Amino acid sequence: MPARIAFSFPTPAGSRTVSLAYERRGAGEPLLLLHGIGHHWQAWEPVLDVLAVERDVVAVDLPGFGASDALPADCPYELTAVGAVLGAFCEALGIGRPHVAGNSLGGLLALELGREKRVRSVTALSPAGFWSEGERRYAFGTLRAMRGAALALPVPAIERLSRTAAGRTVLTSTIYARPGRRSPEAVVAETLALRGATGFHQTLAAGRGTAFRDDVPDLPVTIAWGTRDRLLLRRQGVRAKNALPGARLVRLPGAGHVPMSDDPALVARVILDGSRAEDGSR
């Protein structure tokens with residue numbers, strides 16, 4: 001069952017408190033999972049149990065998404081600020097410096113945690129921040145359109161569309177290469193998560209000037225990109241590799257922007273391999 005924890009985190013204006021929802025499974029070295037914008041921790045459900053065989057897995061709803069609280073009104077959704085929240089979250093759970101895997105926005109946050117040496121290894125699946133300005137505008141426009149559609153559709157219409165493969169394609173084909181693999185229940189839940197994401201617009205606004213061009217030295221880093229990613233095009237993976245010369249760049253054949261559902265076995269293997277790299281096996 002998902003849990004919730006309230007904790008304090010530092011800001012330039014002083015300490016603030018937030019409450020985040022999370023799912024925790026398994027045993028072993030801790031592994032933190034971070035979803036993308038508008039999603040929720042359940043994006044990781046296809047790989048959670050496989051990862052939990054070897055890891056103490058914590059999948060969290062980011063601030064302002066899923067069942068987590070929005071950030072306090074005077075706190076920005078900027079990269080370093082949310083990174084500080086996640087660092088305090090890990091301390092509150094007692095997991096120290098975990099391994100981290102993130103997708104899209106979560107991948108960018110994972111790299112930020114790596115840059116700040118808050119984690120032991122980083123696996124970033126189609127991370128944001130390696131775009132050109134034109135690619136960023138395209139991605140943000142697409143996300144706004146998805147959010148607008150989720151807000152416009154009545155819940156009965158969402159439920160009706162989710163019952164057929166064609167309907168699930170309409171609702172989710174932007175982020176999944178194989179939307180028919182998503183269950184009707186999952187599609188309804190993630191569409192409602194998108195429409196209810198209180199941190200959506202603040203996160204997009206903070207991301208306008210965001211580009212990750214720093215290296216993450218002395219830490220195992222894996223960048224993985226789906227070959228059928230329609231939101232953040234796979235050529236951005238080459239830019240990521242150029243910015244992070246020590247990183248391992250992995251192709252995910254046939255996978256879309258949120259690859260955990262498209263190929264759970266491959267994604268789980270990439271994440272576990274990335275978290276094992278700390279022992280020098282890279």
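I began at a bridge: Leu-32 has Val-100 as its bridge partner in β5. The model is predicted, with pLDDT of at least 70 required for local features and 80 or more for side-chain atom pairs, while totals for chains, interfaces and linings use all residues. Numbering runs from 1 along each chain as its sequence is written, and side-chain values use heavy atoms, leaving out hydrogens and water.

**Entry: strand β5**

I looked up the pairing around this bridge. Strand β3 (residues 29-34) pairs with β5 in the parallel sense, over four bridges. Strands are DSSP runs of E with at least two residues, helices are runs of H or I with at least four, and both are numbered from the N terminus. Two strands count as paired if DSSP finds at least two bridges between them.

I then turned to strand β6 (residues 121-125). β5 and β6 also pair in the parallel sense, over five bridges. Ala-101 has Thr-123 as its bridge partner in β6. Between β5 and β6 the chain passes through α3, and this β-α-β crossover is right-handed. That is, with the strands pointing away from the viewer, the path from the first strand over the helix to the second runs clockwise.

How many residues of β5 are buried? I found five of its five, at residues 99-103. Buried means under 20% relative accessible area, exposed means over 50%, and partly exposed lies in between (1.4 Å probe, protein chains only). His-99, Ala-101 and Asn-103 point one way from β5, and Val-100 and Gly-102 point the other way.

**Entry: the largest cavity**

On a 1 Å grid over the protein atoms alone, a cavity is a set of points where a 1.4 Å probe fits but cannot get out; a pocket is an open set with protein on both sides within 12 Å along at least five of seven lines; lining residues have an atom within 4 Å of a point. Points are joined across faces, edges and corners, and a volume is the space filled by probe spheres set on them.

I listed 24 lining residues for the largest cavity, with Ile-37, Leu-105, Leu-108, Thr-203 and Gly-207 nearest its centre. Two or more residues each come from α2 (79-93), α3 (105-115), α4 and α8 (200-207). α8 gives the most, four residues. By class I noted 19 nonpolar, four polar and one charged. Here Ala, Val, Leu, Ile, Met, Phe, Trp, Tyr, Cys and Pro are nonpolar, Asp, Glu, Lys and Arg are charged, and the others, Gly among them, are polar.

**Entry: the largest pocket**

The largest pocket holds about 360 Å³ of space. I found 24 residues in its lining; Met-146, Leu-171, Thr-172, Ile-175 and Leu-194 lie nearest the centre. The elements giving two or more residues are α4 (133-152), α6 (165-172) and α7 (184-195). The largest share, five residues, comes from α4. The lining divides into 13 nonpolar, 10 polar and one charged.

**Entry: two single residues**

Beyond its neighbours within four places in sequence, I found Thr-80 in contact (heavy atoms within 4.5 Å) with Glu-112, Arg-115 and Glu-116. Thr-80 and Glu-112 are 32 residues apart in sequence, with 7.3 Å between their C-alpha atoms.

Pro-264 is in helix α11 (residues 264-276). At 27% relative accessibility, Pro-264 is partly exposed. Leaving out neighbours within four places in sequence, Pro-264 contacts Pro-46 and Val-47.
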